[in-house]
Amino acid sequence: MSNDDDYTAPNEENRFGGRVRRYARVGASASKLAARLATGKVFGGDVDHAKYAAELTSALGGLKGPLMKVAQILSTIPDALPKEYTQALATLQADAPSMGWLFVKRRMRSELGAGWQSSFTDFSREAVAAASLGQVHKATLPDGRAVACKLQYPDMSATVEADLKQLRAAFAIYKRYDSAIDAQNIQEELSARLREELDYKREAKHMRLYRHMLADENAVHVPEPVDELTTSRLLTMTWQTGQKFQSFLDSDADQDARNQVALNMFRAWYVPFYRYGVIHGDPHLGNYTLREDRSVNLLDFGCIRIFKPDFVHAVLTLYEALRDGDEDKAVSAYESWGFENPSRELIDVLNIWASFVYGPILDDRKRKMGETNSVAYGAEVAAKVHKELKAVGGVKPPREFVLVDRAAVGLGAVFLRLDAHVNWYQLFHDLVGDFDPAKLAANQDAALQSVGLERP
């Protein structure tokens with residue numbers, strides 16, 4: 001590697017700085033869109049949401065950064081935004097321009113100091129992967145270990161804040177015409193999680209937390225952070241070799257292999273949740289790979305949520321309420337989650353969605369996810385929930401609900417794509433059969449203390 005770290009790449013620097021300056025123009029576009037939408041509503045005109053969604057997408061199209069993660073999460077929350085908007089946002093690609101080699105060297109020097117190159121015997125000039133907040137380079141340490149170095153793009157704190165401003169604008173547009181979902185808590189939760197993702201030292205703690213929680217799961221693998229080469233904007237971790245999920249699907253794997261992957265994915269997400277009260281809130285396909293033995297590599301730990309034991313207990317209470325038709329238990333569960341003074345009518349509506357999400361684990365037999373959780377049926381259920389929520393005066397989902405719903409629906413989509421045929425009921429009961437809130441609390445306290453994290 002050469003030693004021209006002092007080189008300044010003005011063109012690239014201007015390109016990244018210009019991305020932040022474009023937000024002023026985006027804000028103006030969103031404001032004009034909201035005004036036109038409100039005018040159409042007030043004066044009884046037809047609201048062409050497809051048209052307005054296209055305009056919003058065009059306004060946001062130049063950003064292509066953290067907003068993409070927000071769009072992915074919103075797409076799994078029934079009617080958090082009209083489907084025209086979430087579908088349009090989903091067409092945007094998280095393809096923030098990669099930093100060139102000279103710029104990367106300058107950034108690495110700012111994180112590790114002038115002698116950063118001596119920490120590696122090899123460091124890839126080209127990024128091997130790109131994400132919404134940064135890019136990944138493969139490197140080798142002097143002791144021979146292969147590592148992944150995730151380097152955050154410059155100015156991402158300002159970029160994230162600007163994206164969140166546009167998210168508020170998008171929610172404001174929705175609020176102008178529809179009161180079925182009060183999105184304030186959704187917005188606050190997404191904002192908090194996205195800001196946390198900027199801190200790579202915190203992500204390293206999340207990674208160690210998952211290594212602790214999944215230590216006995218032989219079919220799930222978690223990288224190890226390299227603390228001396230990690231800063232708040234650079235995360236160095238051991239390299240995990242694996243196959244992309246889509247490549248596995250394209251390989252025409254047999255049913256047994258697909259079922260095994262589904263089992264491993266289920267335990268990767270739900271062992272931490274039911275035993276430690278922690279969930280990975282972003283089951284995006286790029287966040288894991290598969291090894292030859294069908295075990296799972298988890299790769300990204302930015303979007304992690306820690307729950308109080310009572311919240312997890314309420315998840316099981318609602319399961320029992322749906323299984324037994326116990327309305328009082330359902331009320332207790334929703335109140336524990338933070339739904340404020342839910343009426344019986346609202347409970348009935350919420351149970352429609354809950355029955356959809358819990359459906360596969362209510363039936364003690366081998367079955368495919370698509371029997372009751374297909375994309376078409378999910379859209380039908382979401383539409384029905386939305387209609388009924390408007391009829392009962394709307395709902396304000398609690399913050400804690402957002403990522404649990406995201407994980408459940410996102411994993412359901414993965415299982416659909418796998419076309420897995422397993423006994424989901426048995427998987428669930430094998431995991432929660434000895435559930436004890438006090439034991440979960442003790443497990444959680446010990447795990448968080450071991451990595452330097454606190455319960456929220």
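Visitor: Why is Leu 229 called buried?

Guide: The relative accessible area of Leu 229 is 7%, and buried means under 20%, exposed over 50% and partly exposed in between, with a 1.4 Å probe and protein chains only, so Leu 229 counts as buried. This is a predicted model, in which local features need pLDDT of at least 70 and side-chain atom pairs count only at pLDDT 80 or more, while totals for chains, interfaces and linings use all residues. Residues are numbered from 1 along each chain as its sequence is written, and side-chain values use heavy atoms, with hydrogens and water left out.

Visitor: Where is Leu 229 found, and with which residues is Leu 229 in contact, leaving aside its neighbours within four places in sequence?

Guide: Leu 229 is found in the loop between strand 5 and strand 6; strands (E, at least two residues) and helices (H or I, at least four) are DSSP runs numbered from the N terminus. With those neighbours left aside, Leu 229 is in contact (heavy atoms within 4.5 Å) with Leu 112, Ser 119, Phe 120, Leu 141, Leu 234 and Thr 236. Between Leu 229 and Glu 111, 118 residues apart in sequence, the C-alpha to C-alpha distance is 8.7 Å.

Visitor: What joins the side chains of Thr 231 and Glu 111?

Guide: They are joined by a polar contact of 2.5 Å, a term for N or O atoms within 3.5 Å where, within protein, one must be able to donate a hydrogen and the other to accept it, and where residues adjacent in sequence count only if both atoms are side-chain atoms. Thr 231 is found in the loop between strand 5 (220-221) and strand 6 (234-238), and its relative accessibility of 13% is why Thr 231 counts as buried.

Visitor: What makes the pair of Phe 273 and Phe 307 edge-to-face?

Guide: Rings of Phe, Tyr and Trp (its six-membered ring) pair if their centres lie within 6.5 Å, and planes under 30 degrees apart count as stacked, over 60 as edge-to-face and the rest as tilted. The centres of Phe 273 and Phe 307 are 5.7 Å apart and their planes stand at 90 degrees, so the pair is edge-to-face. Phe 273 lies in helix 11 (residues 255-276) and Phe 307 in the loop between strand 10 (304-306) and helix 12 (309-324), so parts 34 residues apart in sequence are tied together. Both Phe 273 and Phe 307 are buried. Phe 339 and Phe 401 also form an edge-to-face pair, with 5.8 Å from centre to centre and 70 degrees between the planes.

Visitor: How do you know that the charged end of Arg 305 sits over the ring of Phe 307?

Guide: The rule asks that NZ of Lys or CZ of Arg be within 6 Å of the ring centre and within 35 degrees of the ring normal. The charged end of Arg 305 sits over the ring of Phe 307, 5.4 Å from its centre, and the charged end of Lys 150 sits over the ring of Tyr 200, 5.0 Å from its centre.

Visitor: Why do strand 5 and strand 8 stand at the edges?

Guide: In the open sheet of three strands, the order is 5-9-8, with mixed pairing. Strand 5 and strand 8 (288-290) each have a single partner strand, so one side of each is left without a neighbour in the sheet. Strands pair if DSSP finds at least two bridges between them, and strand 8 and strand 9 (residues 296-298) pair in the antiparallel sense over three bridges.
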